[in-house]
Structure formats: structure tokens, C-alpha cells
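Visitor: I have just opened this entry and would like to go through its architecture with you. Could we begin with how the helices sit against the strands?

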Amino acid sequence: MLTIGVMGLGSIAQKAYLPVYAQMQDQVQWLLSTRDEDKLQQLSKQYGLAAAGNSLEALDAKQLDAVMIHTPTETHYQYVKHFLEKGIHVFVDKPLATDMGQVNELYDLAESQHVMLTVGFNRRFAPMIQDLAQVADKTGVRVDKNRIDALDDTKHALWDLFIHPVDTALMLAGYPEKPNTRYAVHTTSDGQLQQASVTFTAPGIRGEAGIDLQAGTNLEEAQVASPSGIQRVQNLDQLVVYGRGGASQTFAPNWQPMLETRGFASMVQAFVQAVADPDSKNPVSPATSQLAHAVVADLVNQIQE
């Protein structure tokens, strides 16, 4: 059985990961760690998972096969580097870092240590997004994330929120090498992000990713176009296919858990399987992750110039 540490037990860990970990205890001994001792004991009891302690040193004392890092973004570089240097496989929430020099450094370190560094792009594993990825001869891709009155610091919103539609659009376009990109950003006078978009082109395909933080609704859409028609996924659980014969609609099965619909369960399972099998490939390949980070970094750099 694998032993995997879990570092950070904030809202994302509680909503998206701990329920998945609790269902995988036949494969993994999960060891929880957070600085908040009360939270550590409460969540350990709630999910039936072991508590490793409330310090980095406590995790270091364990014989870990891998570690899941769910701490704030600004700590990712420090903690990821720490465990990679110890030769431990690392899973970390997106973004890996907000500096491309650090992103590339960490991937180079993982390669030199012969361990995996996996970034948590859950939408890649959502069943309906995977269906869109299988559409043949795609000519166009568009992914949008809309929020109700959710203005946010521009740099934070681009790295924390916009990276998801960017990565999904690149995935659906087949991760084109060196795409030609154009950016647009709208902010308030005090630096709050309202809207942003990136358009990229590559041979035979055009893609676009957008975010609107004052859209009046919470709606996420991913669309692909091909000679056979248009397919659109809304909120990861509804697929509409528009063809010459009309439109058809499909919903995620009622019995399918939400964390499966949103890709979290499959993503964690893929990482665990890759850790268990030395011959397995990284479920989120370094090159594709670096491409998504680079697109966001380019946009942030243009704003700061």
C-alpha cells in the first residue's frame, strides 16, 4: 500500500480532495498535515484519515511515496522543491508557481530526480471534456468561465481562475506547439480584473479562452467546432450537440458523484496509479502544463510592462 502525505487542509482540500481520499483507503494510507491542530483533528476524525502532524518536519519523518500539496499558491515553490529534492513524487494544485523561471526550474528538478511533478488541472479529467477532446478534425475551440460580481486582483485572478479555461482550451486544441497568441484585458481603475481573453491560432485550428468576472451568472462553457457540427459542454455536466439534423442534449448520470463529473476523482486516481507503477506516464505531462503556465505568464507580463 502506498503512503501519501496531504499538506494543507483548506477549502479546496475539503471540498474536492478529502472525500476522494476517504474512498481510496484500500489503495493508500493518507497522512494529513496542517498547521491548525484543531482542524487537523476534526478532519482526521471526519474522514477517517490518519493525522501526521502540524509541521513540515512531521511529514519528513514519514516514509512517503508521494505528497499532495494543497497549500496557498505563494507556498507552492517552496514546498514542491522541498519534496522533489527528497526524491518524492509531488501533486500540487494549480498553478505550480506564478513565475515561469520557477515553473521550469521545478520541472527540471523533477526530471533530474526521476520523480513525477503533477499539477492539478482537474478539467482535463472531466468525462464530458474528455469527450470533446475526442472530436475529430476540430477547427475551433472556445472555453469561457463566467462569475457573478467576482472582481478580483488582476494577477491573482489570472493565475487562480483564468489558467483553467486556458489549459482546457489548449487541451481541446491538442496542445499546439508555439501557438500565435493575442490577449485582451479589461480592469477597473484600481486594478481589479473584469474580463480577459486569449486567442491562439495554429495550423488548422483557432482557439479562445475567456473569463468574465461580472457576467451576472456562474457559467462555464467549453465548445468545439468541426465539419460535423458543434459540441458544447456547460458546467461540466451538460453536453449539447448541434448537427445538421438538429440538436441533442445529454446530462451527466444522476448516480455519478460530482467529484467524478468535475474530474477530481479520476485525476487523483490517475496520479496514484502512476505513483504505484514506475512505468506509468505523468497524467499531466510537464510540456502541456508548462504551455498553459506560459500563456498566462505572457499575459501577466504584458499587463505589467
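Guide: In this predicted model, helix α4 (residues 76–85) lies across β1 (2–7), β4 (66–69), β5 (89–93) and β6. Its direction runs at about 165° to β5.

Visitor: And which strands does helix α9 touch?

Guide: Helix α9 (residues 264–276) packs on the sheet and touches β1, β2, β4, β5 and β6. The direction of α9 makes about 165° with that of β5.

Visitor: What is the strand order in that sheet?

Guide: The order is β3-β2-β1-β4-β5-β6, in an open sheet of six strands with parallel pairing. The edge strands, each pairing on one side only, are β3 (50–53) and β6 (117–120). On average, neighbouring strands of this sheet are turned by 25° against each other, direction ignored.

Visitor: How many bridges join β2 to β3?

Guide: Three bridges join them, β2 being residues 28–33, and the two strands run parallel. S33 has G53 in β3 as its bridge partner.

Visitor: Moving to the record, what does UniProt list for residues 3–121?

Guide: UniProt, in an unreviewed entry, lists residues 3–121 as "domain: Gfo/Idh/MocA-like oxidoreductase N-terminal". Over that range the chain is 44% helix and 24% strand, and its end C-alpha atoms are 23 Å apart.

Visitor: And residues 133–239?

Guide: For those, the unreviewed UniProt entry gives "domain: YceM-like C-terminal". Residues 133–239 are 19% helix and 49% strand, with the end C-alpha atoms 13 Å apart.

Visitor: Let us stay with strands. How does β13 run relative to β14, parallel or antiparallel?

Guide: They run antiparallel, and five bridges join β13 (residues 229–234) to β14 (residues 238–243). One of the pairings is that of R232 with V240 in β14. The two strands form a hairpin with three residues between them. In its turn, N235 has a positive phi of about 50°.

Visitor: What about β14 and β15?

Guide: Six bridges join β14 to β15 (residues 246–251), again in an antiparallel arrangement. The hairpin between β14 and β15 passes through two residues. V241 stands opposite S248 in β15.

Visitor: Where does D149 lie, and what is its phi?

Guide: D149 lies in the loop between β7 (140–146) and β8 (152–153). Its phi is positive, about 40°, although D149 is not a glycine. That deserves a second look, because most residues other than glycine have a negative phi.

Visitor: Which residues does the cis peptide bond join?

Guide: The cis bond joins K94 and P95, with omega of about -10°. P95 is in the loop between β5 and α5 (100–113).

Visitor: Now the largest pocket: how much space lies in it?

Guide: About 670 Å³ of space lies in the largest pocket. Its lining comprises 27 residues, and I12, K15, K94, H164 and F264 lie nearest its centre. K94, one of these, is also a partner in the cis peptide bond with P95.

Visitor: Which helix gives the largest share of the lining?

Guide: That is α1, with five residues. Helices α1 (11–22), α7 (154–172) and α8 (258–261) each supply at least two residues of the lining.

Visitor: And how does the lining divide by class?

Guide: Eight of the lining residues are nonpolar, 10 are polar and nine are charged.

Conventions: Residues numbered from 1 in each chain as written. Predicted model: local features only at pLDDT ≥ 70, side-chain atom pairs only at ≥ 80, totals over all residues. Heavy atoms only, no water. Pairing = 2+ DSSP bridges. Helix = DSSP H or I, 4+ residues; strand = E, 2+ residues; numbered from the N terminus. Axes fitted to C-alpha atoms, helices over the stretch in contact; angles between N-to-C directions. Contact = heavy atoms within 4.5 Å. 1 Å grid on protein atoms, 1.4 Å probe; cavity = no way out; pocket = protein on both sides within 12 Å on 5 of 7 lines; lining within 4 Å. Points joined across faces, edges and corners; volume = space filled by probe spheres on them. Nonpolar A, V, L, I, M, F, W, Y, C, P; charged D, E, K, R; others polar. UniProt positions renumbered as here; feature names shortened; annotations may be inferred.
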